[in-house]
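Biologist: Thanks for sitting down with me over this one. Could you take me through it a piece at a time?

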Amino acid sequence: MPLTPIAELQTIIQTHIANRPLALDSQTLPLAQAAGRVLAEDIIAPVSIPSSNVSAMDGYALAQATPAQSSLKIVGESAAGSPFTGSLKAGECIRIMTGATVPACCSTVVIQENVIREGDCIVLQQDAPDAANIRYTGEEIQAGQTLFAAGRILRHADIMVLAAQGIASVAVQRKLRVAILSTGNELAEAGSPIVAHQIYDSNRPMLHSKLRDCPADIIDLGKLPDNLAATVQMLHQAAEQSDVVMTSGGVSVGDYDYLRQAVAQVGTIHHYKVAMKPGKPFVFGQLGSAWYFGLPGNPVSGFVGFDLFIRAALWQIAGATPIPQPLRFQAALTRNVKKAAGRADIQRAIISQNSDGTWQATPTGKQDSHRILGVSQANAYMILPQESGDLAAGEWVTVQPLHEAFL
Ligand code: AMP
Ligand code: MG
């Protein structure tokens, strides 16, 4: 079977998910808890902002455009929260503060720096044109306009906008139930001593950690031995209680790699091998109504596979529109890089910005898929194209920052 290019696998996953949307219930959350959640309703603005004509500056409100050198008597005040309720006669003005309502009898505001104050009078130092320094009703938001559409991943800025609208709670999609399990006879749990043929399970804690930034409630199903019957039984159980099942290990072609066989028995495999290094075996399928992602056991492969395929898929399954995309840009290689054509290479790299604003990228040493420390040292991936061979220092490559490495 030919290897699927990365972009094609992303499209395959997206298309399958789009063709079989999950019916998710929504839940109502207080606004302060809603950032990072998928909005389940369109939000129509209940109020206009500003809700009245307000002054943009501290100064004086005048009845009309007035020439420089005019002297005006101050007959009242409008402050934020306490409007002026009187009226103006010719030659009069009011003191006004930022955010205070401009009364109906006034058509312009002069800033206090442009007047000389003499007792209860001001003398204009410049012409005061009409309609200056006023924010008009509904200038920013009109009551009735759609502020946010269902599917938006709520941001802190959105919380500010919704709060300014007097909205105290919003309906968001419930989180996905994501089951994770590791496979491998060699795996041991942290906290227990190990013997030489054992290794600690690092994939499940890593997936746990990554899922904390995703719309996911985690169902930790522990680890499985390399045994077909046990795997089949566990996949049935996992599919029944979750929206997404994620496994690590057992998807290669070794004698004890049972996952593909088990998934094919319980559900359907949509995709198997991707033209990528690390992480060529990447199983995407479904188990009943649950989506299935099978990551290879090598920790770096799983780490990279999650970032390239699973994070966006989870947001899509959770109802996010548009599907969020990672930040990517160009950086110049600081050294020669060896690469074989045929698979895209997702190398771990350190990127930094030069004084001229351009970026440079240096790979973090050896790139084998078991070298976990290199991922911690890196702050970005370098995405080296499938067809490319060796690359020379100075060549431009696409980089994707590790989102947890930048604040
Ligand atoms: P597999 O994909 O099952 O053939 O595993 C590939 C490599 O990854 C082997 O060296 C495994 O021991 C290792 N591995 C598998 N699962 C894990 C895990 N959960 N944590 C750390 N390493 C693992
Ligand atoms: Mg294994």
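This is a predicted model: local features need pLDDT of at least 70, side-chain atom pairs count only at pLDDT 80 or more; totals for chains, interfaces and linings use all residues.

Biologist: Does Gln27 count as buried, partly exposed or exposed?

Modeller: Buried would need under 20% relative accessible area and exposed over 50%. The relative accessibility of Gln27 is 31%, so Gln27 counts as partly exposed.

Biologist: How far apart in space are Gln27 and Val172?

Modeller: In sequence, 145 residues separate the pair. From C-alpha to C-alpha, Gln27 and Val172 are apart by 5.5 Å.

Biologist: Now the helices: are H1 and H6 roughly parallel or roughly antiparallel?

Modeller: The axes of H1 (residues 6-19) and H6 (residues 299-317) come within 10 Å and cross at roughly 20 degrees. Angles under 35 degrees count as roughly parallel. That crossing angle therefore makes H1, relative to H6, roughly parallel.

Biologist: How many charged residues are in the contact of H1 with H6?

Modeller: Ile13 and Ile17 are among the H1 residues that meet H6, where Leu308 and Phe309 are among the partners. The contact has 9 nonpolar and 3 polar residues, and the number of charged ones is none: no charged.

Biologist: Which element gives the most to the largest nonpolar core?

Modeller: That core has 43 residues, and Met246, Phe282, Phe293 and Leu314 touch the most other members. Phe293 touches Ile310 and Ala313, among others. With 11 residues, the element giving the most to this core is H6.

Notes
Residues are numbered from 1 along each chain as its sequence is written. Chains are lettered from A and ligands numbered from 1 in the order in which they are written. Side-chain values use heavy atoms; hydrogens and water are left out. Axes are lines fitted to C-alpha atoms, for helices over the stretch in contact, and angles run from 0 to 180 degrees between N-to-C directions. Helices (H or I, at least four residues) and strands (E, at least two) are DSSP runs, numbered from the N terminus. Angles under 35 degrees count as roughly parallel, over 145 as roughly antiparallel, 65 to 115 as roughly perpendicular and the rest as oblique. Contact means heavy atoms within 4.5 Å. Ala, Val, Leu, Ile, Met, Phe, Trp, Tyr, Cys and Pro count as nonpolar, Asp, Glu, Lys and Arg as charged, and the others, Gly among them, as polar. A nonpolar core is a set of buried Ala, Val, Leu, Ile, Met, Phe, Trp, Tyr and Cys residues joined through side-chain atoms within 4.5 Å. Buried means under 20% relative accessible area, exposed over 50%, partly exposed in between (1.4 Å probe, protein chains only). Lists of a residue's contacts leave out its neighbours within four places in sequence.
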